[in-house]
Amino acid sequence: MSSPVWQNPVMLTAAAGPQGTQVRAVFEKASAIGLHESLALRKATDLHQKFVTDNAPEQVDYGELGLAAMTLAVNAAAAAGRQDALDQLLGSWRSLSQAIATDLFLQMYRRSRPDSPPPSGAALERAASAAASSFELPVGHALVALAARDLIDDDGFPQDAYDFLTTPWSWAVGAAHPDDDTGQTVEGS
């Protein structure tokens, strides 16, 4: 049995260039997400959304800003020849996040309904997808931004886009990269 993409140093270098070690560290932390970390990521994302929308000079759509920042990061990675490896890395994250979400949902279900059998099949998949909503996107954003960190420049993937994508992770968990300025983490996370 082969190791996951995120544990393969060759694939990490192909996807993230010199940030392969840091991408693996984010994956390792993300692979251990429990209920507390999931809630911290949700809280950090909500606070980041509030900060961004409250401080924008005009009304903005937070989701569209995230999509635009992701597009800049992916385009920079593609221009550097990293697209295929990055796609494989993100596929590995999607698989891992669904496994984490399924486990989290089952833990919560068994605690709240110890005498009732948990759902299975499609019902379990829907419940796991709902559980993943608190952490899948902010972790994915941090992974993509970090994979393109060495490609930051004003004309392609600007620092503001990197900061936008990594802020929820940084506030909830800590810096995605040792040289990132994270400010302070979210209180209670």
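A helix, as the word is used here, is a DSSP run of type H or I with at least four residues, and helices are numbered from the N terminus. Helix H5, in this predicted model, covers residues 83-112, and both Phe 105 and Tyr 109 lie in it. These two residues are four apart, which is about one turn of the helix.

The structure holds six aromatic pairs. In one of them, the ring centres of Trp 6 and Phe 27 are 5.2 Å apart and the planes meet at 5 degrees, so this pair is stacked. Planes under 30 degrees apart count as stacked. What does this pair tie together? Trp 6 is in the segment before helix H1 (9-16), while Phe 27 is in helix H2 (residues 20-31), so the pair ties together parts that are 21 residues apart in sequence. Trp 6 and Phe 27 are both buried.

The rings of Phe 105 and Tyr 109 have centres 5.8 Å apart and planes at 40 degrees, so that pair is tilted. Both partners lie in helix H5. Phe 105 and Tyr 109 are each buried. Elsewhere, ring pairs join Trp 6 and Phe 27 with Trp 93 and Phe 135 in a cluster.

Helix H2 also contains Gln 22. Is Gln 22 buried or exposed? Its relative accessible area is 17%, and Gln 22 is buried because the limit for that class is under 20%. Leaving aside residues up to four places away in sequence, Gln 22 touches Leu 146, Ala 176, His 177 and Pro 178.

Next comes helix H3, which spans residues 35-55 and includes Leu 35. Thr 45 is placed in helix H3 too. With 17% relative accessibility, Thr 45 counts as buried. A polar atom of the Thr 45 side chain lies 2.8 Å from the backbone oxygen of Leu 41. Not counting residues up to four places away in sequence, Thr 45 touches Tyr 62, Pro 138 and Pro 168.

Leu 35 has a relative accessibility of 32% and therefore counts as partly exposed.

Technical notes. Residues numbered from 1 in each chain as written. Predicted model: local features only at pLDDT ≥ 70, side-chain atom pairs only at ≥ 80, totals over all residues. Heavy atoms only, no water. Buried < 20%, exposed > 50% of the residue type's maximum accessible area, 1.4 Å probe, protein only. Phe/Tyr/Trp six-rings, centres within 6.5 Å; stacked < 30°, edge-to-face > 60°. Polar contact = N/O pair within 3.5 Å; in protein donor to acceptor, adjacent residues only side chain to side chain. Contact = heavy atoms within 4.5 Å.
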